[in-house]
Amino acid sequence: MNNLLVLAGSESKHLGLAVCGLMNQKKLTKVRLARFSDNEVDVQIEENVRDEDVFIINSLPPPAENILETVFLANAARYSSAKRVTLVIPYLGYNRQERKDRPRVPISAKIVIDMLKLARADRALLVDLHAEATAAHFEPMVHDHLYGSYSVIDYLRELLPKPFVVAAPDAGAVVRARKYAQYLGLADVVVLNKERVGAGKIKENKIKIIGNVRGKNVLLVDDMIDSGGTLIADAKALKEKGARKIYAFATHALFSKGLGVFPKDLFTEIVVTDTIYHDKAIFEGHTRVTVKSIAPLLARAIENIHTGESLSELILG
Ligand code: R5P
């Protein structure tokens with residue numbers, strides 16, 4: 001196969017560098033990520049990619065320019081005669097809006113995926129989509145869907161004091177939570193049934209806990225932390241029902257309202273991955289947050305795609 005080249009967009013330089021470091025200190029392919037005077041996105045690949053196997057890593061949290069940057073980089077690689085272009089999207093922005101759950105709302109996830117497809121990349125590599133079915137919108141583009149569990153499960157196994165239970169923050173999260181329970185040697189999960197109003201906001205006093213948490217430590221498992229509102233309301237409800245220590249894991253940590261919103265002593269520890277970059281300084285003086293890198297997962301996946309090997313070993317069974 002042709003040479004493997006790794007490019008990183010503005011949101012994922014940390015992952016690009018880490019992935020390259022794990023590949024015998026490979027160098028990131030140089031790209032210019034700039035803005036025109038009116039702030040339009042201005043990118044250029046600064047090295048030859050002709051006939052090469054190109055992987056473009058970029059997460060897509062707001063601003064929407066991250067989406068444009070990724071599409072433009074992929075398109076630049078395509079029109080520069082790359083042999084194959086793979087989009088590596090650690091966090092796919094807008095993927096929570098994946099169905100028409102209220103009248104007159106768009107299916108934003110599909111639109112974002114359609115925009116990505118416009119670049120005419122050959123494949124996509126995704127991590128922990130909110131809903132498994134969303135990946136199908138990438139069709140007919142070949143896509144692989146990986147999970148944060150690969151990067152954290154050993155750590156969680158060491159971390160959680162017995163007796164503990166795994167909890168799903170809502171009915172939609174049960175399948176994911178059940179997987180973690182299984183990896184951690186538990187047969188079942190606790191479910192926090194809740195009412196959401198408007199765009200995902202929850203009614204705190206309407207959380208119904210299905211399962212027994214009294215005297216147990218609890219691990220809440222979610223795909224993402226945005227404002228933190230869901231986790232905080234859940235942790236309070238769990239404490240009211242007699243839970244002991246509360247831990248949380250989410251693959252994608254937006255922390256859109258900062259760490260200050262998490263009341264001190266509510267969580268013993270929050271575990272996240274680095275699909276979204278945060279300066280270490282934001283964690284200081286707040287609830288303990290441990291960041292596990294998904295770079296080893298991405299590096300293995302990229303190498304396996306490059307050499308035509310299966311990715312199954314990267315998905316915990
Ligand atoms: C919702 O279905 C998601 O899985 C998360 O629970 C939610 O998006 C987290 O958002 P926030 O942190 O703002 O409550």
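Two strands pair if DSSP finds at least two bridges between them. Helices (H or I, at least four residues) and strands (E, at least two) are themselves DSSP runs, numbered from the N terminus. The model is predicted: local features need pLDDT of at least 70, side-chain atom pairs count only at pLDDT 80 or more, and totals for chains, interfaces and linings use all residues. Residues are numbered from 1 along each chain as its sequence is written, and side-chain values use heavy atoms, with hydrogens and water left out.

Strands of a sheet pair through backbone hydrogen bonds, either parallel or antiparallel.

Now follow the order from strand 13 onward. Strand 13 and strand 14 are parallel and share 7 bridges. Met224 has His252 in strand 14 as its bridge partner. Strand 14 (residues 246-253) is in turn joined to strand 15 by 4 bridges, and these two run parallel. Here Phe249 stands opposite Val271 of strand 15. Another 4 bridges link strand 15 to strand 16 (residues 289-292), again in parallel.

Is strand 15 mostly covered or mostly open? Strand 15 (residues 269-273) is mostly covered, with 5 of its 5 residues buried. Buried means under 20% relative accessible area, exposed over 50%, and partly exposed in between (1.4 Å probe, protein chains only). In a regular strand the side chains alternate between the two faces of the sheet. In strand 15 both faces are covered. Glu269, Val271 and Thr273 are buried on one side, and Ile270 and Val272 on the other.

Next comes the ligand. Which residues come nearest to the ligand? Of the 13 residues around the ligand, they are Asp222, Asp223, Ser227, Gly228 and Thr230. A residue is near a molecule or strand if one of its heavy atoms lies within 4 Å of it. Strand 13 (217-225) and helix 6 (229-240) each supply at least two residues of this shell. Strand 13 gives the most, with 4 residues. The shell divides into 2 nonpolar, 5 polar and 6 charged residues.

An oxygen atom of the ligand is 2.4 Å from an N or O atom in the side chain of Thr230. For the side chain of Arg96, the distance from a ligand oxygen to an N or O atom is 2.8 Å. A polar backbone atom of Asp226 is 2.8 Å from an oxygen atom of the ligand. The protein covers 88% of the 370 Å² of accessible area that the ligand has on its own. Such areas come from the Shrake-Rupley method with a 1.4 Å probe; for residues, only the protein chains shown count as cover.

Two helix residues close the tour. Thr70 is in helix 2 (residues 65-79). Thr70 counts as buried because its relative accessibility is 0%. A polar atom of its side chain lies 2.7 Å from the backbone oxygen of Asn66. Tyr150 lies in helix 4 (residues 149-159). Tyr150 counts as partly exposed because its relative accessibility is 25%. Tyr150 and Ile294 are 144 residues apart in sequence, yet 8.2 Å apart in space, C-alpha to C-alpha.

How values were computed. A polar contact is a pair of N or O atoms within 3.5 Å; within protein, one must be able to donate a hydrogen and the other to accept it, and residues adjacent in sequence count only if both atoms are side-chain atoms. Ala, Val, Leu, Ile, Met, Phe, Trp, Tyr, Cys and Pro count as nonpolar, Asp, Glu, Lys and Arg as charged, and the others, Gly among them, as polar.
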